[in-house]
Amino acid sequence: MTIKRPFLLIIALISVFASMAQNITPAHDFEVDYSNPVEYEIGGITVSGVKYLDNNAIATLSGLMVGDKIKIPGEKTTKAVEKLWAQGLFESVKIEVSKVEGPIIFLNIDLKERPRLSRFSFTGVRKTDADEIREKIKLTRGDVVTDHTIMKSSAIIRNYYIDKGYLNAEVNIVSKIDSAVENSIWLEINVQRKRKVKINSIDFAGNNEVPKSKLIGSFKDTKEKFRFFPLEKIDTFAMHLIKNPSIFKKQDITEIAKDYLSDRVKLRIFKGSKFIPSDFETDKTLLIDLYNEKGYRDARIVKDSVIKLPNNELKLIVTVDEGEKFYFRNITFTGNTKYSSKELIKVLNIQKGEV
C-alpha cells in the first residue's frame with residue numbers, strides 16, 4: 001500500500017504538537033497522567049544548563065512563579081516553554097519535575113544555550129571593505145549566534161556590495177565549532193564580489209514632449225557606459241527627419257542634434273556607469289522634477305524595467321506619463337494695502353501665459 005505525502009505530513013504535525021503538549025519531564029518517582037491533569041502549587045523553581053544567563057531572569061521570562069497554581073500537564077507549562085523558545089537563546093528547553101510534596105510541586109527548567117560567537121573572519125574581502133563591513137554587521141564576541149544572526153549579516157554584506165555596483169555578489173557564512181572556547185563557534189564569511197554590473201543604455205517611453213537627451217541629462221548618478229559612434233546610422237536618422245518634418249516644429253535643430261548624439265556619444269571620464277539601485281531611485285525623482293520645471297505638474301513614472309544583457313550589462317527602460325502642460329492664467333492679490341496689485345505683479349515678474 002502506498003502512503004500519500006499529505007498523510008505523512010499530518011502524522012508529522014501530530015507528533016510535533018504531541019511533543020509540545022508533553023513538555024513536562026517527570027522525576028523518577030513521579031508519574032504524569034496525560035489523560036487526567038492534576039493541579040499543584042509551585043513550591044520552587046530552579047534552572048540548570050545555563051552559564052551566561054541569570055537564573056532568576058530565566059524563571060521570570062518563563063512566566064512561572066512560586067505560588068502559582070498549575071495543572072500537570074497543562075497550558076501554563078506549555079506557554080512557559082514557548083516563551084523561552086521565543087527568546088532565541090536556547091537549543092533545548094525542558095521543564096522537569098524535581099519533586100512533589102503532596103499538593104506542592106518543585107520544577108526545574110533545563111536549558112541548553114545556543115553557541116556564542118568567539119570570532120569571525122573574512123575571505124575575498126579587501127581590508128578597507130572588511131573594516132566598513134564590521135561597522136555595519138556589529139558582531140561582537142559573546143553574541144548568541146542564531147540562524148537569524150547569520151541571515152541578517154549575510155544580507156547586510158550583500159547590500160553593501162550592491163551599493164557599490166556588485167549586483168551579483170555572493171555571501172556564504174560558514175559556522176565552525178571553536179574547540180578553544182566552550183560552547184562557542186567562529187564564523188568564516190566568504191564573499192565573491194564578482195564583476196560590477198554596468199549600464200549599457202537607458203531608454204524612455206511615453207516622452208512625446210521632452211526629448212531623451214534632456215531626460216537622461218536629469219539623472220545625476222545613473223549613467224550609460226562610454227561610447228563614441230557619432231556617425232552611426234546617420235543616414236537612417238536623416239531619412240527620419242525628411243519623412244517627419246513636423247519634428248522641427250516641436251524642437252529646434254540643437255535639440256534634434258543632442259537627441260541624435262545622446263544615443264551615440266557617451267563620454268565617461270569622472271563618472272562611471274555602474275548600476276546602483278538606490279541612486280536610480282533618487283534619479284527618478286530628479287526626472288519628475290525636470291518635468292515639473294517645464295510645466296508638466298502631473299508627470300509621473302508609470303513603470304521602469306531593468307533588463308539583463310550579456311557581458312554583465314543592463315538596459316534600463318523608464319516609461320513616463322507626461323500629463324498636460326500647465327500655464328499661468330490670472331494672478332490676483334488680496335490684503336495688499338500698502339502696494340497696488342500692479343506694483344506687485346511687476347515685482348513678481350510672472351506674465352499670463354507663461355509656463
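## Charges over rings

Arg119 sits over the face of Trp186, 4.4 Å from the ring centre. Lys284 does likewise with Phe280, at 4.9 Å from the ring centre. The call needs NZ of Lys or CZ of Arg within 6 Å of the ring centre and within 35 degrees of the ring normal.

This is a predicted model, so local features need pLDDT of at least 70 and side-chain atom pairs 80 or more, while totals for chains, interfaces and linings use all residues. Numbering runs from 1 along each chain as its sequence is written, and side-chain values use heavy atoms, with hydrogens and water left out.

## Aromatic pairs

Searching the whole structure turns up seven aromatic pairs (Phe, Tyr or Trp rings, the six-membered one for Trp, with centres within 6.5 Å; planes under 30 degrees apart are stacked, over 60 edge-to-face, the rest tilted). With centres 5.0 Å apart and planes at 90°, Tyr160 and Tyr161 make an edge-to-face pair. Tyr161 and Tyr166 are edge-to-face too, at 6.0 Å and 75°.

Tyr160 and Tyr161 are both buried (under 20% relative accessible area with a 1.4 Å probe, protein chains only; exposed is over 50%, partly exposed in between). Tyr166 is buried as well. Elsewhere, ring pairs tie Phe204, Phe219, Phe275 and Phe280 into a cluster.

## Around strand E5

Strand E5 covers residues 104–113, and eight of its ten residues are buried (strands are DSSP runs of E, at least two residues, numbered from the N terminus). E2 (residues 38–48) runs parallel to E5 through seven bridges, with Val47 opposite Ile109.

E4 (residues 90–101) is antiparallel to E5, joined by ten bridges; pairing takes at least two DSSP bridges. Phe90 has Glu113 as its bridge partner. The E4–E5 hairpin has two residues between its strands, and Gly102 there takes a positive phi near 65°.

Terms used. Helix = DSSP H or I, 4+ residues; strand = E, 2+ residues; numbered from the N terminus.
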